[in-house]
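Hi,

Here is the structure I promised to pass on. Have a look at it first, and my notes follow below.

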Amino acid sequence: MSGRAQLMWDQAVTGYDFGPDHPMDPVRLALTRGLVDAFGLDREVEVVSAKPAGDSTLRLVHREDYIAAVKAASADPGSADTSYGLGTMDDPAFAGMHEVSALIAGQSVGAAEAVWRGEALHAVNFAGGLHHAMPGGASGFCIYNDASLAIARLLELGAERVAYIDVDVHHGDGVQAAFWEDPRVLTISLHEHPRTLFPQTGWPEETGGDAAEGSAVNVALPAGTGDAGWLRAFHAVVPELIAEFRPQVLVTQHGADTHFEDPLAHLAVSLDAQRAVQVACHDLAHEYADGKWVALGGGGYAVVEVVPRSWTHLVGIAAGRAVGPETVIPESWRQEVFARTRQLAPLRMTDGRWPVSWASWEDGYDPADRLDQAVLAVRRAVFPLRGLLA
């Protein structure tokens, strides 16, 4: 197996553009790619452009009528069928929508293929992680669900156990729905509580279908959760489940919208805690999945201050050349940021909270604490279904 990581990139993915007033500004992708280059990480990875996902691949997850609706809206945005979630405020139709959405999906599928076949140990597609798209409809800025397609392709190639960890601030509802009845896929989502955030799903009681009870795991975090609580919840739930499941491949989604500066949500997580979870996912892949790791992007709407730094950390970790939190950001990239956005770029790769600290669940819990209540709820709902002590 090659020890070299792959970075999936095609400049055309920046064409995933819902318009100038939409929060998902594709400049976040271009700036991330630029920061990766500024640190020389592109020399530490194999940069690969995979082909777009074809119809037969898209049909692994999406209904044929939905694919046809996306193609029709792509050719004539004014005719978008809103019954499929297209042409809405969240998912405006735009020319070429099918082509660029299929391209992003193709990068995640290509990443999964490379890791499964041993062509790369790790593969990153930070343009991916579009986890809300459903089999028959667009949702939450997501047209095709590249995360689900990557997992479905792994199953098609012969994988028997795939674990998916989603740390986006929003529930990974589309991926959960795609594999609700499939015990071969363990989906774990840590997200802001559905009472206070879209898509209003991801309750701890959602544990999988009748054929796959215990295969869906939902950690619903109170609004305002910060670094210590977020990391406490992650480590109180995720490692034990991964150890029990023993995945052959680990697929992770790293939406950066948990950050305290993100304009669309209400968690208070720092860049440093996001980096800590990226490291933890890397380590879990090596401990339980022979290092096979597919890492995706996701949400994130602080497009200058947060997203490029968070995903550059992810690329560095996957490449085996992690960027130190205190590292000064190259001036060339800061100038690029100002030229593109007229915003001032951050100076360092940290929010000043490194090293982050958190209290281990093994040291006890407080049943009156809202964060601990969230952890208890998911442990009690899922752990007995998997033969674990709650």
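This is a predicted model, in which local features need pLDDT of at least 70 and side-chain atom pairs count only at pLDDT 80 or more, while totals for chains, interfaces and linings use all residues. Residues are numbered from 1 along each chain as its sequence is written, and side-chain values use heavy atoms, with hydrogens and water left out.

Let me start with the sheet. Helices (H or I, at least four residues) and strands (E, at least two) are DSSP runs numbered from the N terminus. Eight strands form an open sheet with parallel pairing, in the order β2-β1-β3-β8-β7-β4-β5-β6; two strands pair if DSSP finds at least two bridges between them. Because β2 (45–48) and β6 stand at the edges with a single partner strand each, one side of each has no neighbour in the sheet. For β6, parallel pairing with β5 (residues 185–192) runs over six bridges, and L221 in β6 is the bridge partner of E192.

Now to helix α11, residues 370–382. Its 13 residues reach 19 Å from first C-alpha to last, close to the 18 Å expected (1.5 Å times one less than the number of residues). Its buried residues (under 20% relative accessible area, 1.4 Å probe, protein chains only) include L371, V375 and R379. The buried residues of α11 pack against β6 (216–221) and α7 (227–245), where contact means heavy atoms within 4.5 Å. At the N-terminal end, D369 caps α11, with a side-chain oxygen 3.0 Å from the backbone nitrogen of L371 (a polar contact is a pair of N or O atoms within 3.5 Å, one able to donate a hydrogen and the other to accept it within protein, and residues adjacent in sequence count only if both atoms are side-chain atoms).

Best wishes

Key. Buried < 20%, exposed > 50% of the residue type's maximum accessible area, 1.4 Å probe, protein only.
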